Amino acid sequence: MNASKRTAKSGTRGVTLRTAGLSLRLDVRGAVVGLLLIAVALVMSVVLIGTGDFPIAPADVVRTLLGNGTVAQDFIVNELRLPRVLVGLLVGAALGMGGAIFQSISRNPLGSPDVIGLGQGAAAGALTAIVLVKGDSNAVATGAVLGGVLTGLAVYALAWRQGVHGYRLVLVGIGTSATFTAVNGYLLTQARHEDAARAVMWLTGSLNGRDWDQVWPLLAVCAVLMPVVLGQAPNLRMLEMGDDSAYALGVRVERTRMVLMGAAVLLVASATAAAGPVAFVALVAPQLARRLTRSPGPNLLPAAWMGAALLVTADWAAQRAFGADQLPVGVLTGMLGGAYLLWLLVTERRAGRI
Amino acid sequence: MTLVSPAKAGTETASAPPRWRTARRVTGLAVSLGVLLAIAAASIAIGAKPIPLDQVWHGLFHYSGSDTDVVIRDVRLPRTILGLLVGVGLGLAGAVIQALTRNPLADPGLLGLNAGASAAVVSAISFLGVTSLTGYVWFAFLGTAVVSVLVYALGGSRSATPVRLALAGTAVYAALYGYVNAVELLDTAALDKMRFWTVGSLASANMTVLRQVAPFLLVGAVLAVLLGRSLNAVALGDDTARALGSNLNRTRALSMIAVTLLCGAATAACGPIAFVGLIVPHLVRALTGPDMRWILPYAAVLSPVLLLGADVVGRLVTRPAELQVGVVTTFIGGPLFIYLVRRRRMAQL
């Protein structure tokens, strides 16, 4: 496909940067949207750090983050609230990028990790840890990662038939997801009352009480996997044109798909271990990013920024609307993301862009 | 676009001579009815207290008031009839939704209908203090109706493409489940009721519930079966259907009414039972080919077979306790669905 033709059609302006032997096309609108989303995420982070039983003005938050705050502010900001916000940003970014990869590979806007059953698989692992083993939070996190990764492997293996076709992946994922939903529903009915409340809290996805112990592993996973994913992004873009065309253009189809899916599964599973299966970010963030950038590609980075901005905003809204730590963030991501997607669908229809 | 019309399945049956095909379909339907009768009898006979088949017969037709007869008449019979009706409702609703959206993945769950029912029921429990199953029925029904209209309108009623409809359904689903979770977390008493309602069970069936939902299910079922011919036209695509003189808007409106009646009543009676509506039409299409006039009756007969069968299995595996039928249908249905997807013909549907 001709690059200039595509940009003309989708209404975006691309700038081609050329040096000796290397050329890079820069999507201006995509870059601007990405920068704006980062700005939103950072501003909301500062506001979120200032929100709580002990409110701090944004200027003081920034000063404290730079190391010039009072002792009390320093403790509250750096020890209590900063790790929570960082977990929120990282979880949002990991879910957004993981979702974008899955939707691109399955070539289906519904092919997000939630629909493919990773969320349910991770939840089954965590519920087993809560209900059957009665483990602590480390056991729950381990259970979630194990459940998510095993489910990812199972879906990939079951969808394999001389290669993995996107549509079959979604269908197998839906079957797996439904099976695990039944497992989870059954485990919930077997739980004692207080275990059930804890399980539902976990299942909803929450940032309450997250500290540096959750930040470091997640940061490590993101720091390793995100560059790998971005390195494969051009190949992913060609994969969207179909396996045969991608082959002809020199992409090793199955290997690319395996690397990207492995990275996406790990990103989503680690995010789930840190904050629970926060509903819907992985499904809605890539869709929103794509509609904002109006770019046809996988939109990996904008999706990650969008996920981070969405999660931090939802956490702030949850705290403002219901009081500190009353309701977990997952309640709001579903409601906000769902409402926003509906609004986009309606406006798109009105504008005749279907 | 990867989601293709179901009309391409079953080219195999199309090659047989027409009269043979009809004979084979009628025979198949008769055999399925026989299986359904056998499963219904098993559903009355099997349970915490096994009852021999001759006593089942006796209890049904020569009621004498003995303990066994009371068990049959007051417990097993309502449960079996409810399973039958709900099965018919879910199967028909699934077939109609899949034909209407031309999407083989569409089912009441994906379109957010179950979420609508859940949201209405959790509100009823938490805010209005409704605690009885007979009280839930109307709320579940209302929730389903509101959501079906909403999703259809948002999906772009006249220009509803499969993906838009599915996205609208998922968005409504997510928004409503956020709400359901919020209420459950703030009100743990409601959570305690909801976690048992959500899995879907036939265990609490009684004559009152049966009388409440049966009229809706029957009307919906008749409407759905009558829609077969019009839905065949829908499968051809909007333009062709119009050119053939089919009134698409009427078909869509009537289909939505049928789905709401069937699905709303089924969910109201026994909670959201996943997957029956998704998987049975797939199985049936493999048997009958794409003709909705045959798919609908087959779905109506085979869905209760799956549902009652799952209910019986649920009573057997953890005897004397029970596994909820919703859990069993998904345990059976999930792997079966994956197996079907792995078969080449299914995946290319």
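**Exercise 1: The interface**

Determine how many residues each chain brings to the contact, and which helices of chain A take part.

Step 1. The contact draws 47 residues from chain A and 43 residues from chain B, two residues being in contact if their C-beta atoms, placed from the backbone, lie within 7 Å.

Step 2. On the side of chain A that touches chain B, at least two residues each come from helix 8 (166-190), helix 9 (193-204) and helix 15 (329-350) of chain A. Helices (H or I, at least four residues) and strands (E, at least two) are DSSP runs, numbered from the N terminus.

Step 3. The most is given by helix 8 of chain A, with 16 residues.

Step 4. Sorted by class, this side of chain A holds 28 nonpolar, 15 polar and 4 charged residues. Ala, Val, Leu, Ile, Met, Phe, Trp, Tyr, Cys and Pro count as nonpolar, Asp, Glu, Lys and Arg as charged, and the others, Gly among them, as polar.

The model is predicted: local features need pLDDT of at least 70, side-chain atom pairs count only at pLDDT 80 or more, and totals for chains, interfaces and linings use all residues. Residues are numbered from 1 along each chain as its sequence is written, while chains are lettered from A and ligands numbered from 1 in the order in which they are written.

**Exercise 2: The fold of chain A**

Step 1. The C-alpha trace of chain A spans about 55 × 50 × 40 Å along its principal axes.

**Exercise 3: Confidence in chain B**

Identify which elements of chain B have the lowest and the highest mean pLDDT.

Step 1. Among the elements of chain B, the lowest mean belongs to helix 1 (residues 11-14), at 44, and the highest to helix 14 (residues 292-317), at 90.

Step 2. Over residues 1-14 of chain B, pLDDT stays under 50. Where pLDDT is low, the predicted coordinates should not be read in detail.

Terms used. pLDDT = per-residue confidence, 0-100.
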